[in-house]
Structures are given as structure tokens and as C-alpha cells.
Amino acid sequence: MARNKIYLEEVFPSPFMQLWLIFRKTPVAMAGFSCFIFLIILSIFSPLLAPYSPIEGQLDMLLLPPAWHSDGNVSYLLGTDELGRDMLSRLMYGTSLTFGLSFVVVIISSVVGVIIGSLSALTTGMKSSFLNHFLDVILSIPSLLLAIIIVAILGPGISNTVWAVVMVLIPQFVHITRYAVKEEFRKDYVLASRLDGASPVRILYYSIFPNIVDRIMSQATMAQSAAILDIATLGFLGLGAQIPMPEWGATLANGLDLFYIAPWTVYLPGLAILFSVVSTNLVGEGIRHALKLRKEG
Amino acid sequence: MLIFTLRRLSLFVFTMLLLTMLSFSLSFLFPGDAVINLSGAINVTPAQLIELKARYHTDSNIIWQYIIYLKHIISGDLGLSMASQSVISHEIMNLLPATIELSLVALFIAMFIGIPLGFIAAIRHNKLSDNIILSVSMIGYSIPVFWLGLLAILIFSINLGWFPSAGQISLLFEIELVTGIQFIDILLSDSPYKWQAFRDATAHIVLPAFVIAIAPTTIFIRLSRTSMIEVLQTSYIRAASAKGLSFKQIIFRHAIRNALIKIIRHVGLQFASLVTIAMVTEVIFSWPGIGRWLIVSIAQRDYTAIQNGLLVLSCFIFVVHILTDFIYAALNPLARDKKYGT
Amino acid sequence: MNCLNSFISAILLIALLTACDDNSRLSLNQRSVIYCSEGSPDTFNPQLVTSGTTIDATSKQLYNKLIAYQGDENNLVPALAKSWHVTRDGKKVTFYLRKNVSFHQTDYFTPTRHFNADDVLFSFNRIIDHEHPFHLTSGGHYPFFQNIEFDSLIKKIEKINDYTIRFHLTRADNNFLANLATDFAVILSAQYAEKLNKNQQKQNIDIHPIGTGPFKLKEYRVGSLIRFYHHKAYWQGSAKIEQLVFDITSSNTGRLTKLLAKECDISSYPIAHNKITQRSDLTLESVTALNVGYFGFNTTQAPFNNILVRQAMAFAINKQVLLDTVYQGQAELAKSILPETSWAYDKTSKEQAFNLDKAKTLLAQAGYPDGFTMDLWAMPVQRPYNPNAITMAKLIQADLKKININVDIVSYEWNTFLHRLAQGEHQSFLLGWSADHPDPDNFFTPMLSCAASHIGSNRTFWCNQDYDDIIHKALETNNIEQRKQLYTQANAILNKELPLIPIAHSKRYQARGNNIVGKTMGPFGGISFYQVKKSPLTIAVKDETVQNKTKTKKVN
């Protein structure tokens, strides 16, 4: 470990910082991370950055191909769709729907999941066993299927999709938190603070959380990539975002009828989804890789 | 093994009760009259409605109603589709086998490609081929499946003309529906074009099956890679190499078998996610399966169809789950004693 | 390692099968035609519907009518009736029937006699006689015939002998013959009905059809396919193809994909016309069809029961943009419900101006200064009068947004869509009308008469007594000038009341492989596959592709 201090005072970076130091050294993970940050910025500021409205079209600019095409127009960089809506603007607004919403979804479900998970880790006996079985059943149902089921009950729409995906992701967080907390509880440093008379909640907050936050983050990236794909898939199937929302999956479905005359209306949203999922997964891989190295090192 | 079986059976009964209860409560959660949601009989006359209510015992208490509902399900009465007024149990019997067929083919493809690749990656751990396999597999599970399906159609059906883009078989062949599984039906039929039909059906299943298989393949790559790496680090492998066995012998005699057993445990779980991917893929390849039917029903708010389609689909997934559990337990005696072996 | 063995054997099996020669497959392919249709039929009896999809799949394939239209002039020609005679007062019409016309022989019915007057009696009595044993089978609705008030028009149908039949009318109706020549007035088999009645299976008459047409039904899978075989003993000579398959593909892209991938020979309502015309092996064909696409309102529901709101809508919609975008300039802007090609077209009718201010004022007058939220039902399928209702709905959504009206777009599967419309669950809708015969009455009566509003084929539920009187009067005279005047009056009422806003008159399109020859479409009514055949040229082309594919095996 590098020591920059003159005094003989050992500074231990927090587990989270350790992870970051390792993470920073993996170029691929950093590339994914910068894409991830880029997407977050885009989803917050898309209304300021987008050149046109995502919903109202220029009716004299129908089905314009992207700018690099010979018939393209530089002011419509990625072309337009059948109603003359600028594809670039639609994709930018779509970022806040598909990527931004999935980010929000993951935050909500991780908070709820971590709370439930850590509380349940403190319980034992009958309740715990029931929860265990219940989680097993829920987790064996694929997230997309569960989301479809919930949307089927709530009815199609973007807000229902968001709730469905939140509900689908919660059990995963409950499961991983519960497992991690239980594991940590068996360790000596927890025993030490227990002997100091700390209450379980205090132990959770001050001792355990800093040590499991990286595992939860790794789970969060997995949840995020699943959430992006789920929201987009539901949008594509017409069960999620409704006309005329520029959600990527819905935009892609909208482009289906134009597939053979204006293929960019299908390629571009697909690429956008692929890009965001790959960058999320790269971050996740980076975290897991760093976790492994930290454990070994 | 007996205790194991009993345990599984009780879990099965418990889950079935839970699923039917959920499905039963759906009819109250959906908008509209519960009886109409259950039976799917829209446009009934008031007299018929009274008769329906009597059949579903709506005036008795909720538990009795649930028992009556169970009776209806067990007798195969799943009501009528609200959209088409056709009998749902018939539709499901026609559609479910097509989905099973597609998913099974995709599962085998995923296993036959994914597991060897994973083993190769594990054997060449941290080398170039390992990294290539891992990066490709990451792109594989990041691709949205509906997009991949569209690209596959564009490239292989339209531009290259290698494979057909839609359906189970060319409609020219008249194959009677017996089991619903196209290949078996073709073999059972007395069509003079049997073998051409078989070939045609094979060509039809290639694209959708490969598209579905992409994501599970990547999962199998990772699973088999991890389990192979674990096996290679065990002491019995080291003992074998100390004995002087060649690397080939170690891999084929010892490592593969032990690594495979660990993977089989996950097949059931993978099958569930595979069926979900198949639902989406069916929409793109117009595959006449239950997934496409269910998604159309959801879009049309055909509540009776949604309710029963979900029930049948989740029961099916669960049954597969339990079956793989049994297979795993049969192959691996250690698993039988575990308290919670899911 | 059992798995591995079976895998290898499976591969071997597939390789073995690939080696089979293609001859029989090709001949099967050559003897059959696959038509990608846009939706499932409702029933197999055209008497019961007005939906074009059902008519396409049933009428001209399975049945014949007494008389038919032929040629560009739309002359009435004999079909099952050899000849006919109308008395001078127009109240007695006698048909002399053709002999030796045989019905379909299928798995479920074997006819023992030829077509005769009993079949005609049965087919029409079922519609007009409310006591008829088959009248209430399948619901008892005969929308086309109820629209034209057929049961009050016909006093009696008299069988003079086995091959002569006479219709006694209560009043002269210049459209009577035209209506009998439409795709709805088909002839069913009385003998089959008798058998079904005996077996207590009356409903099968509309599910497992028996007719005299060039094709007979072999198999129907809802939402997936209809299989027809040719009727060998067809009275005009057997059809040139043996098997006709309707591949039901409701997605527009799906149909285009199948067409491009050669999985269907003919496709209904193709999208992406440029893509098809680019390809040298495909043909895009069109006929000028008599139709109108419109934006209609449920006039029994608020806010559209208010005439001012409807007028405001008319001002707020930019039709020219709809035409350019949705029809890609391939249609004429509709100024009235009648297309310009109809003889009754009023040349003075003017286009409603696009004027947002006016729309806002009207809306405020109607008591909605802040706008409202409404449902707009858009058809899920392409129809000749509207190639893409969803896109049109999106454009209307954007237009109405400007006058503070929020539009929710609603769509269902085609049959469900029509059923729900007929029940009046909608507020406003995009639909259209394709003519069944060339007379202008076929626009005015079925779309907007009171009779039609009762049975649900007038989905605006608009009912105006003056309008009804006028269009009735127009049926009673043969004086063209007088009729023209009456229709102009009717049109004036429509322009004022606006139960619907006519948008466009379009052509009907179809795409086919170049190897498919024979006419299928006409300016009105359903399609017919009787003339269709595959030219032998196909085999050469197909053979080439097959050889290319299996190059390694067939080295010459």
C-alpha cells in the first residue's frame, strides 16, 4: 500500500475507496464508467441539449436519412421518422425515459430492498424461513416475465411499467442484502461492537453497511441492465411507454413499419439500448473484478 | 430420496395453491365483473348471467368460490377468450406445445454451444481466448432480443434468403395438429410431402431458436467457466495430475463430468428465463406459441386469457423447475440430503 | 455422453433430409398460392358482415351470387341466374337459374343434388323471414341487408319451378339488382342447412361453409391461416391453382417481410411501396377503388353530441398533411363522402378550410374553452381507405393538441375493434367505407342512415330524419338528374351536421411476385383468386436458387 504520509499514521482507505482505487486501474471498466456518466448527464439535461421536440415533427422533413447518407441533412444528424421527428432528439429524450427511469427504478428498489433485507436478516425462526421460501419462489421467476405479469394486472403504460420493474427488482436486493448482512454479522468486528453495547440498528448502519455497499452496487448494475432491457422490451411490446413517448423500445416498435424504407429508425434505438446496457455491464464487471482483486489482495 | 420426493411434492402443492389463488384473485383485481372475467362470457343476457353466477357460486363465501374455481380448472374449464370467444383451454393446448418445442430446441443449442465454450475459456483461464469468449458473451447478453431478431430476419431471410422469417412451417404443407409439437405432428401425419415438411420445419425453427439461445448461451458460458475453474482447483484433479494422467485425460475423464453436474442445477432456472425470451421472440417471428398469444391478450385487455395464460405458463415453468431438481438429485446423491435445495 | 450421440445423429438426420430432392416440394409450391391477408374473417358467411376482411376471405372464394358485376363498365352479368326479367313497374323480378351447378363436397358434407330454386329461397328467406329456423343462428344480424331495409322491400319470394324464382317487391327500388350483385348476397346450400338442422348443429352453417364457389374450405385456424382447396366441379371450370392459403398476418411489416422473403405470393395492403417497386421480382398493383376514409364521432356521447365541437374538429384538422404523410400523396382529398368518380358527386362541394382560430372559437362557444381529453380509436389494420390509421391518429393527436384537446389513441385487434365500435364504446374513431357496388346509395345508406345506426354499421349513431327521407326518395326514382339533386341535398346536411369528417379517397394496393398472374382486385367488393395461377417461369427461377443453395451437392 502506498504511504504518502510522513508520520507513522496508517491511513486505511474505506473498503469503498479501496474498490475505487482498483476499479480506476481497469481501462475497460473506466470506459464503461464514463459512458455511464455520459448517459446520466444526457438523461438529466436532454431537454436542454436536444435540438428539436421529440413529439412534434417537421412535416416537410419526412423520413430523412442520417446526415452521412447522401440524401441526409446536417441539421437532422440522425435523420427523421415518418412524422418528421428528429431521431437524435427522440433518442436524447428517450435516454431520460429508458436509461433515466431504469436508474431511478434501481435506486428505489435498492433502497426498499436493502431496508427489507437488512431487517429480515435480523429476524430468525419461522418468519425467516417463510421469507426464505417466498424469495426462492419469486427469484425463480424471470424478471421480464414477472414484469409482464404485473403490467398485465396494472394495465399498459409507462408508470405501471416503472412500478412493475421496481417490484421485480426488490426481491433481488432483499436476497443479496440479507445474505451479505448475515455473513457480516458472523464476523469479529461486529462482535466487538456488540460487546460495546451497540444496538443492532447502529451496528447495521455504522459497521455493516460500509462493508457491503460494494456488493449492493454490483447487484445494482446488474439490476440496472435488467431494468433497461425490461423497460425497453415492454415498450417494444406496446405494454410500456405509449404513443408518442420517445422511449427507446417504443421508438423501435414505431420504426418497425419503416424497417425496409427507413432502417435507421430501427437500428438507432437498438444501438442506443445496446450501448447503455453494455456500458452498465462494463461498470458491473469492473466492480466485480475489483471486488475479486481486493479479496485476493 | 423418498424424503426428497415428499419435500418436492409438498412444495409443488403449496406453489400450485399459491398460483391458483393468485389467478383467482386476479379476476377481482381486473376491472369489470369477476364472474365475467372468470368465464370470459361477454355480451351475455341477464338470464345467462344469473346462470353463470350460479355456476361460479358467487353468492357463497370467498373460500367456497375459490374451491369452485379450482373445480373448474381441474375439469379443464378455463372459460372463453373475451376477444375471440374461443375456448381458452383448446387454444392453450394448441399453443403451449409450440412454445415448448421452440424453447427446448433453443435450450439444447444454448447448452451445446455455451458449455463447451465455457470449458474452453476455463481451461485457457486468463488467456486471450478466455477474454475473447468473455467479451463476446457480454455483448450477447446485452443485446435486446427483439432487435437481434429483427437483424437476424433482415440478414438471413431477406438479404441472404437462407431461412424463412415467420411461422413454424410453410403453410403449403397441411399438417394436422395432434400434439402441437410440429416435428412430432409431421412424423405422425400421412402427408405425401412428409420429409419436405420436416426439412421445412427445421429451416423455420433455426432463426428463432438461435436468437432465443444467444442470452442463455452466454449464461451457460459463464456457469460452465466458473464451475470448471472450481473443479480444476480441487484436490482430486491435482491428485490425478500427480498420478501422471495427461491433461486430456484429466479434462475428459474427471473434470467435465463433475463440472457438468453443477451446471445441470441451473438448467431449470435458465429454462424459465429462456421461456420469457421466447415470448418476445415469438412476437417477432410470428411463432404460433403461447407467448405471442399472451402478449396480444394483454394489449387487448382480454382478462380471461391473461389470467389463464399466466396460470398455465407459470405452472409449466414451475413443473420444469421441479423436474430439473429431480434430475439433479438423481445424478448427484449429495443434493438429496440438503435441507433447502432449490 | 448419450446427449452427444443423439446430437450427432440429429445432425446426420438433418443432413440426410437436406439431400432429398426438391421436385415434389416445387410442384406443391407451383400448384398453390399463399396470400398474406391482414386479418381473420369474422365468419364464413358474408351475409352476416360488412367487414372487408371477411368479404375478401369468403365471398368470391366460397360462394356465387345470382348475378355479378363484370368489366370496367360494371355491367351486371349472369352468374347463378342465367337471365332475369324485371316488370315495368319494377316490382316483380324473375330469375332463371343455371342448371348443373354443384355445391362443394367436403369432409363434413356431400351434396346429393345440384343447385336449384330451393337454395335461393333458403338463402334469402334466412335474411328476411324472422321466423325462419336459421334466422337467429349466429346472432340474427344481417347488417348489409338491414341497412338497405331488405325485409320490408321484399314482399315475397316465389318459387315458380325448380329453376325459376320470382321476387315480389313492395316498392320499386332502382338498387335492387345492384344489391343482389354485391358480395353479401351469396347463395348457400339448402340441403346442407337441412342436414345441420336435423343434427342440431345449425351454427355450423356459418363456420363450416358450403357454397358453389371456385374454392372450398379445408381448414381454418383462428388468427393463423385459412386453407382452401379448389372446387373441381366448379360450374365455370376448376380454378387454376389447387390450394389457396390465406396466411393471416396482421402486422404490416410482417406481411412485407414475408413478401420479400418469398413466403407469400401475394400480399394485401403492402407498406413501403418504394421498396416493392425497387425489386425486379415483385409487382405493386393498384385499382381505383370507390371508398372514403373518415374521422367519425360518436354523436350520442359528450362532447361529440355537440355539433359545435364536431365543427371545431373539422377546422382543427389539417387534411393535406394527413394526405401527404399517411397516403404519401397517393390519394385524393375527400370533400364529401362520395368520391369524384361517382356520377352523383357534387362538383360544387368545397374543402373545409384549416383554421385553428375558428376551431378555438367554436370550442369556446360549445362550452369547452379549455379543451378536453378524448379517446381516438384507430384501426389496427391497413384498409384501402386508410393505409395507416395509427399514424393518422398520431397526426390528429398533434393537431388537436394545438386547440388544447388531449387525445388518447386506442386500438384493438381488428374484429374486437369492430365489435366494440358497434357497441358504441368509443368517442371518436378512424374508419372508412369501401363501396360494394357503384351506386351512390351504397355510400349514403349504410354509412349514415338511421337504420344503419340501429344495427351498428353506422358507428357515429347519427340519425337524422330529413337525411333519411332524402336518401329514401332517391331510391324510388330512376331519373338520374333528380337523384343527383337529392344526393346533393343529403350532402349539404352532412356538411352542416358533420357526424364524420371525410378525409381521403384512396386506391387499393396489392403486391405480388411476378410469377403470379391473374386479376384479383376490382374497384369494389372483395378479391377473387379464381383467375390466379403461377406461371411456369417460377420453376426456372426457383430451380436456380435451389441449385445455388445446394451448389456443393449438385455439381453438374
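1. Contacts in chain A. In this predicted model, residues 24 or more positions apart account for 70% of the contacts in chain A that have a separation of 6 or more. Buried residues make up 51% of the 297 residues in this chain.

2. Architecture of chain A. Chain A contains 10 helices and zero strands. Its C-alpha trace spans about 75 × 55 × 30 Å along the principal axes.

3. Surface and charge of chain A. The accessible surface of chain A is about 13800 Å², and carbon and sulfur atoms contribute 68% of that area. There are 18 positive and 19 negative side chains in chain A, with the centres of the two sets 16 Å apart.

4. I115(A) lies in helix 3 of chain A, which covers residues 87–122. Because its relative accessible area is 46%, I115(A) is classed as partly exposed.

5. A positive patch. In chain C, K91(C), K92(C), K155(C) and K156(C) form a positive surface patch. K92(C) belongs to strand 5, residues 92–97, and is partly exposed because its relative accessibility is 36%.

6. D436(C) sits in the loop between strand 17 (428–434) and helix 17 (441–448) of chain C. D436(C) is buried but has no salt bridge, and the nearest side chain of opposite charge, K60(C), is 9.1 Å away. Beyond its neighbours within four places in sequence, D436(C) is in contact with F144(C), T182(C), F184(C), N442(C), F524(C) and G525(C).

Key: Residues numbered from 1 in each chain as written. Chains lettered and ligands numbered in written order. Predicted model: local features only at pLDDT ≥ 70, side-chain atom pairs only at ≥ 80, totals over all residues. Heavy atoms only, no water. Patch = residues over 30% accessible without salt bridge, like charges linked within 9 Å, V, L, I, M, F, W, Y side chains within 5 Å. Areas by Shrake-Rupley, 256 points an atom, 1.4 Å probe, with all protein chains shown as cover. Salt bridge = Lys/Arg side-chain N within 4 Å of Asp/Glu carboxyl O. Lys, Arg positive; Asp, Glu negative; His and termini not counted. Charge placed at Lys NZ, Arg CZ, Asp CG, Glu CD. Helix = DSSP H or I, 4+ residues; strand = E, 2+ residues; numbered from the N terminus. Buried < 20%, exposed > 50% of the residue type's maximum accessible area, 1.4 Å probe, protein only. Contact = heavy atoms within 4.5 Å.
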